[in-house]
Amino acid sequence: MNEPSPATAAPLARLIQEFYKLPGIGPKSAQRLAYYLLRMPAAEAQALASAILEVKEKITLCTVCQNVTEIDPCRICSGQQRDRTIICVVEEPLDILALERTQSYRGLYHVLHGAISPMDGIGPEDLKIADLLARLRSGEVTEVILATNPNLEGEATAMYLSRLLGPLGLSVTSLARGLPAGGDLEYADDVTLTRALEGRLEIRG
Amino acid sequence: MPNPRLYKTEAIIVRQRKLGEADRILTLYTPALGKLDAKAKGVRKTTSRMSGHLQPLTRCLLQMARGHASDVITGCETLESFQPLREDLDRLSRALYAAELVDRMTAERVHSFPTYRLLLDTLRRLQQSANPDLVLRFLEMRLMDQAGFGPRLDACVGCSRPLEPEQHFFAPQAGGAVCRACVPGLAGPRVLTLNGLKVLRLLQRGSYNDVARVNVPPDLAQEVEHHLRSYIVCVLERDVNAAAFIERLRREERNTEPGTGNKEGQGAPCS
């Protein structure tokens with residue numbers, strides 16, 4: 001980013017500089033946000049500042065499922081209504097939000113914080129795999145659902161995990177692959193269509 | 001002739017990285033244009049019609065539009081999805097190594113049809129070969145030859161005398177095989193057995209069918225792999241990331257199945 005012009009007050013220039021560091025924020029957006037904050041009521045600006053600080057101070061990783069949380073173990077891991085025999089393995093904390101939105105899964109989760117990407121030098125040792133294995137040793141869990149993304153890295157991670165979990169004698173499943181709701185058959189790729197055909201269901205009218 | 005704004009090309013997707021909210025930058029290897037980066041917009045959304053066709057290690061037909069920094073993919077169709085590679089972690093890890101090696105060994109927009117053909121053949125061979133590691137050795141040797149970095153194996157790199165049929169040394173930094181007399185003063189020479197030299201020569205000059213017919217025992221395969229790997233590290237001045245993952249898979253296989261840690265087919269005859 002260019003040096004701020006002398007017309008910009010120093011504290012404002014500093015704020016612009018900080019916004020500029022955020023992902024997806026260019027120099028113009030950074031300026032716009034900074035000037036917007038400047039005109040904001042002091043109380044609102046205070047609330048924003050304290051929210052940022054609170055996130056940094058209070059949020060940690062759950063020692064059980066590695067999800068981001070403010071209490072440890074997190075609400076899902078300590079929830080009484082949860083089925084403790086199933087663990088759903090996901091790549092990122094945001095994936096848990098998506099699965100929770102469906103309200104059709106009542107088991108526990110495990111966040112890997114990434115996926116195996118050999119070309120980028122991200123191997124199994126960079127993920128929270130050891131923590132997952134430690135959880136499975138207790139013997140309470142009977143099924144592991146591999147819910148990694150249906151792309152090359154996600155599939156590689158799922159294959160690696162299934163190889164690792166195979167000898168433990170658990171049921172290891174993965175999410176079904178197929179056509180997305182609102183999709184178009186003519187645009188579907190071969191891999192998805194093949195999987196969709198393999199997993200076809202009987203229609204009950 | 002003016003450059004048309006839209007053009008079509010076949011391509012193998014060798015690499016991808018995320019861009020912004022929902023986009024990706026793909027590294028393509030094409031038959032006529034060589035390696036190039038292209039932007040694929042919106043492919044990280046579930047509703048994207050292109051995302052399934054644009055996974056790494058796919059051969060596809062692309063409709064491209066010229067852009068400012070990089071070209072933009074506006075349409076695509078899968079030609080070959082190499083499904084068997086995606087369903088077997090051992091084969092997948094080797095295919096990723098092949099793609100990474102081609103990416104690192106080539107410069108952008110320098111076209112080389114032989115390199116495209118080599119990559120395509122390698123992916124096809126990896127799908128079914130009983131010895132995927134040998135497929136990689138063939139790729140490594142040919143790719144370096146095509147890039148002009150092929151090691152010298154017919155004569156000693158020190159004194160240029162033809163190599164006698166006996167044990168010699170391989171010195172990556174000197175650029176090939178060296179005889180015993182020329183070894184002093186060279187950096188990092190390692191023993192090159194006569195059989196090792198024969199396999200390296202075959203990889204350099206023989207066809208893939210010739211190579212696939214050879215029965216390479218595990219310790220010889222390991223020697224050849226070691227020489228080629230150290231040579232590649234020397235040429236690239238860095239290691240290939242995917243190699244560490246292949247190594248890890250091998251290690252874990254040895255640990256889990258003692259006595260049967262030879263699934264790579266290194267000892268199996270392969271024709």
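How much area do domain 1 of chain B and domain 2 of chain B bury between them? The figure is about 2,000 Å², with 54% of it on carbon and sulfur atoms; buried area is the accessible area (1.4 Å probe) that two parts lose on being put together, summed over both. This is a predicted model, in which local features need pLDDT of at least 70 and side-chain atom pairs count only at pLDDT 80 or more, while totals for chains, interfaces and linings use all residues. Residues are numbered from 1 along each chain as its sequence is written, chains are lettered from A and ligands numbered from 1 in the order in which they are written, and side-chain values use heavy atoms, with hydrogens and water left out.

Within chain B, domain 1 covers 6–81 and domain 2 covers 84–249, bounds that come from an automatic or database domain assignment. Their centres, taken over C-alpha atoms, are separated by 29 Å. Contact (heavy atoms within 4.5 Å) joins 23 residues of domain 1 to 23 residues of domain 2. Four salt bridges are counted between these domains, a salt bridge being a side-chain nitrogen of Lys or Arg within 4 Å of a carboxyl oxygen of Asp or Glu. R109(B) forms a salt bridge with D71(B), their closest N and O atoms lying 3.4 Å apart.

Attention now turns to the two chains. Chain B contributes 30 residues to the contact and chain A contributes 23. Together they bury about 2,400 Å², of which 58% comes from carbon and sulfur atoms. On the side of chain B, R49(B), L89(B) and F245(B) lose the most area to chain A. R49(B) also forms a salt bridge with D184(A), at 2.6 Å between the closest N and O atoms.
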